[in-house]
Amino acid sequence: MAAATALHSLLCTSLSNSSSAFPLSRSHLARPAKSVLSLHRTPAAAVLSILRPAPSRSRDSGSGRTALLLLARARDLPLASALDSVLLVCTSIALSVSLLVADVDPASAFVVTPQRKLQTDELATVRLFQENTPSVVYITNLAVKQDAFTLDVLEVPQGSGSGFVWDNEGHVVTNYHVIRGASDLKVTLADQSTYDARVVGFDQDKDVAVLRVDAPNDKLRPIPIGISADLLVGQKVYAIGNPFGLDHTLTTGVISGLRREISSAATGRPIQDVIQTDAAINPGNSGGPLLDSSGSLIGINTAIYSPSGASSGVGFSIPVDTVSGIVDQLVKFGKVTRPILGIKFAPDQSVEQLGVSGVLVLDAPANGPAGKAGLLPTKRDSYGRLILGDIITSVNGKKVVNGSDLYRILDQCKVGDTVTVEVLRGDHKEKIPVILEPKPDES
């Protein structure tokens with residue numbers, strides 16, 4: 001097609017310049033037939049000579065005489081010029097029609113686009129992004145607000161975040177803080193189709209929530225689930241999300257730390273074995289997947305620690321091994337059955353000021369596990385003096401220094417287990433058996 005376009009340009013140029021490029025005079029007309037033939041090798045004649053088949057050497061002398069007669073007739077120059085013009089016009093029209101039928105821009109025939117060369121690691125990153133982007137969704141948190149002047153009730157966006165498709169049944173996993181306080185939720189898939197989402201369940205302590213959308217199966221692309229137990233510091237990780245409401249964005253980094261511990265923003269309960277990464281986790285990236293180099297899920301991006309308040313610093317992701325167990329319980333039961341002691345305890349700083357080590361019990365409701373077992377809460381006597389309650393120093397023989405230690409021990413227990421709680425009561429220690437109960441339902 002490029003050659004045809006070039007030929008078309010050549011013919012058009014030759015047609016416009018044929019009268020000036022090949023002037024003829026009477027002296028030229030008087031020349032022999034050979035000279036006339038050489039003069040009339042116009043571009044059109046050159047093209048026709050290319051298109052004509054080569055004459056065969058086996059033709060007889062009659063063919064030669066016919067050629068001589070044609071050359072003799074060619075002395076009639078006005079007729080030859082007219083024939084050249086007609087041939088040029090016909091050829092130009094034919095080439096133009098061929099270009100229109102092929103639907104090719106004539107200028108594109110002359111443009112040569114060099115092939116972009118990417119390194120092997122770049123190709124792997126591009127492939128990972130293209131294969132996993134369909135699994136990442138954009139979540140909009142809507143809240144009901146009442147206009148102060150008109151008293152109209154409106155639904156306005158109060159936050160946004162990311163999530164990812166967990167299975168073919170329409171379950172979407174994200175962070176709890178992404179959906180907290182929402183009156184309505186919208187989930188936008190990779191093809192920009194938007195669906196209403198309902199909350200299946202959530203775990204405030206681990207900042208995990210599960211939604212469900214009624215989308216066709218062909219639009220749901222579950223993300224590959226990996227494992228986080230064998231992660232190593234230094235291996236590459238990739239975070240996909242929708243920061244600041246922008247379309248799917250990829251950030252890369254490495255695992256800069258393992259077995260970190262952060263506190264849940266909702267309950268303050270510690271989240272253990274958190275993955276630390278230097279991949280940028282911007283506002284809106286929360287709830288998105290953290291992937292390894294094979295494209296498998298290894299964590300949920302949940303928070304970033306930045307002393308300056310900017311979106312740069314140390315990012316944290318909840319490991320997929322923790323997430324998998326929580327999601328399974330939420331899908332099956334709609335809640336997480338996590339055991340509790342049923343107490344409220346004082347801040348760690350307050351206990352440190354008393355010069356003791358452990359967890360000070362502030363309240364132990366009588367209908368809770370600790371209250372039933374006989375743990376004593378902090379209270380005031382009739383004169384208003386503060387009487388300290390029991391101070392928990394160990395559970396099942398494991399030392400308890402602060403609230404994080406207590407939560408860490410309870411996470412290893414199950415509902416219905418009997419644990420031995422050692423407390424400091426006054427100036428002596430006591431061991432009290434407590435039967436753990438499930439955490440009450442939360443709306």
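Asp411 is partly exposed, with a relative accessibility of 24% (buried means under 20% relative accessible area, exposed over 50%, partly exposed in between; 1.4 Å probe, protein chains only). The model is predicted: local features need pLDDT of at least 70, side-chain atom pairs count only at pLDDT 80 or more, and totals for chains, interfaces and linings use all residues. Residues are numbered from 1 along each chain as its sequence is written, and side-chain values use heavy atoms, with hydrogens and water left out.

Asp411 forms a salt bridge with Lys206, the closest N and O atoms being 3.2 Å apart (a side-chain nitrogen of Lys or Arg within 4 Å of a carboxyl oxygen of Asp or Glu). Asp411 lies in helix H12 and Lys206 in the loop between E5 and E6, so the pair ties together parts that are 205 residues apart in sequence. Helices (H or I, at least four residues) and strands (E, at least two) are DSSP runs, numbered from the N terminus. Lys206 is buried, at 6% relative accessible area.

By the salt-bridge rule the count comes to 12. Lys219 and Asp191 form one of them, at 3.5 Å from N to O. This pair links distant parts of the chain: Lys219 is in the loop between E6 and E7, and Asp191 in the loop between strand E4 (184–188) and strand E5 (194–203), 28 residues apart. Lys219 is partly exposed at 32%, and Asp191 is partly exposed at 43%. Arg425 bridges to Asp390, with the closest N and O atoms 2.8 Å apart. Arg425 lies in strand E20 (residues 418–425) and Asp390 in the loop between strand E17 (386–387) and E18, so the pair ties together parts that are 35 residues apart in sequence. Both Arg425 and Asp390 are buried. Salt bridges that share partners join Asp203, Asp205, Lys206, Arg338 and Asp411 into one network.

Helix H12 spans residues 403–411, and its buried residues are Gly403, Asp405, Leu406, Tyr407, Ile409 and Leu410. Asn402 caps the N-terminal end of H12, with a side-chain oxygen 3.2 Å from the backbone nitrogen of Ser404.

The largest nonpolar core has 25 residues (buried Ala, Val, Leu, Ile, Met, Phe, Trp, Tyr and Cys residues joined through side-chain atoms within 4.5 Å). Phe164, Trp166, Val173, Val208, Leu297, Val323 and Val327 have the most contacts inside it. At least two core residues come from each of strand E6 (208–213), strand E7 (236–241), strand E9 (270–277), E11, strand E12 (314–319) and helix H9 (320–333). H9 supplies the largest share, five residues. Apart from this core lies another, of 20 residues, among them Ile343, Val359, Leu410 and Val421.

Ser296 is found in the loop between strand E10 (289–291) and strand E11 (297–305). Ser296 is buried, at 15% relative accessible area. Beyond residues up to four places away in sequence, Ser296 touches Pro224, Ile225, Gly226, Leu290 and Leu291 (contact means heavy atoms within 4.5 Å).

Pro438 is in strand E22 (residues 437–438) and is partly exposed, at 42%. Its C-alpha atom is separated by 8.0 Å from that of Gly416, 22 residues apart along the chain.

Arg259 lies in strand E8 (residues 249–263) and is exposed, at 66%. Asn396 lies in the loop between strand E18 (391–395) and strand E19 (398–399) and is partly exposed, at 40%.

Methods. A polar contact is a pair of N or O atoms within 3.5 Å; within protein, one must be able to donate a hydrogen and the other to accept it, and residues adjacent in sequence count only if both atoms are side-chain atoms.
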